[in-house]
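Reader: I have not worked with this structure before. Could you take me through how to read it, feature by feature?

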Amino acid sequence: MDKYTMIRKLEGHHHDVVACDFSPDGALLATASYDTRVYVWDPHNGDLLMEFGHLFPPPTPIFAGGANDRWVRAVSFSHDGLHVASLADDKMVRFWRIDEDCPVQVAPLSNGLCCAFSTDGSVLAAGTHDGSVYFWATPRQVPSLQHICRMSIRRVMSTQEVQKLPVPSKILAFLSYRG
């Protein structure tokens, strides 16, 4: 381990973090927790950018571990960087957009354990406790030119480097997934 260095610790979940996945451009990290939430972070500076709740209203921190029928087990970013899938013990798989607070679609899935998008984003695969793998075809969408440019920039620039760009603050917020 002499070649690997711990650079950051993200804190905010109120229970075990059981899954995580980077966005394709590396600018975001989604984490799934038994506290019934998926958080989307900026891994470059540790800022919490988004929260996707699987229980409404979300439990207070002292009760976050008690809602065991909503434990989030898995999370996966789609190749387009705009969509996230999550599996929870409430027998649902949820499809989220990173710019919306509610799932864009929900589908039934019993005993879900893990999920992953195909490399082209056209399929979500989900593994279950009973040894099965389920597949969902996902809608084909062309991301906006702005989002494609943002992903291209974020593949090569950290948040700190983006913040130093001589561009208007509205563009900086967009490039930092804050607007």
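Author: Start with exposure: a residue is buried when its relative accessible area is under 20%, exposed when it is over 50%, and partly exposed in between, using a 1.4 Å probe and protein chains only. This is a predicted model, in which local features need pLDDT of at least 70 and side-chain atom pairs count only at pLDDT 80 or more, while totals for chains, interfaces and linings use all residues. Residues are numbered from 1 along each chain as its sequence is written, and side-chain values use heavy atoms, with hydrogens and water left out.

Reader: Which residues of α1 are buried, and which are exposed?

Author: His-147, Arg-150, Met-151 and Arg-154 are the buried ones in α1. They cover an arc of only 100° around the axis, which puts them on the same side of α1. The arc is taken from the directions that run from the helix axis to the C-beta atoms. Leu-145 and Val-156, on the other side of α1, are exposed.

Reader: What do the buried residues of α1 pack against?

Author: Contact means heavy atoms within 4.5 Å. The buried residues of α1 pack against α2 (159–163) and α3 (169–175).

Reader: Now the strands. What makes two strands a pair?

Author: Two strands pair if DSSP finds at least two bridges between them. An open sheet of four strands has the order β1-β2-β3-β4, with antiparallel pairing. Its edge strands, β1 and β4 (47–53), each pair on one side only. On average, neighbouring strands of this sheet are turned by 20° against each other, direction ignored. Such angles run from 0 to 180 degrees between N-to-C directions, and the axes are lines fitted to C-alpha atoms, for helices over the stretch in contact.

Reader: How many bridges join β1 to β2?

Author: Five bridges join β1 to β2 (residues 29–33), and the two run antiparallel. Phe-22 stands opposite Leu-29 in β2. β1 and β2 form a hairpin with six residues between them, and Gly-26 in the turn has a positive phi of about 75°. Further along the sheet, six bridges join β3 (residues 37–42) to β4, again antiparallel. In that pair, Val-40 stands opposite Met-50 in β4.

Reader: Which residues is Asp-21 in contact with?

Author: Asp-21 lies in strand β1 (residues 17–22). Leaving aside neighbours within four places in sequence, Asp-21 is in contact with Leu-28, Leu-29, Ala-30, Val-75, Ser-76 and Phe-77. At 24% relative accessibility, Asp-21 counts as partly exposed.

Reader: In what order do the strands of the three-stranded sheet lie?

Author: The order of that open sheet is β9-β10-β11, and the pairing is antiparallel. Its edge strands are β9 (112–117) and β11 (133–137), each pairing on one side only. The twist averages 20° from one strand to the next. Five bridges join β9 to β10 (residues 123–128), with Cys-115 opposite Ala-126 in β10. β10 and β11 also pair over five bridges, and Gly-127 stands opposite Val-133 in β11. Four residues lie between the strands of the β10 and β11 hairpin, where Gly-131 takes a positive phi near 85°.

Reader: Which residues does the UniProt annotation "domain: SOCS box" cover?

Author: UniProt positions are given in the numbering used here, feature names are shortened, and annotations may be inferred rather than shown by experiment. In the unreviewed entry, "domain: SOCS box" covers residues 135–179. That span is 53% helix and 7% strand, and its end C-alpha atoms lie 32 Å apart. Residues 10–51 are 0% helix and 52% strand, while residues 72–106 are 0% helix and 57% strand.
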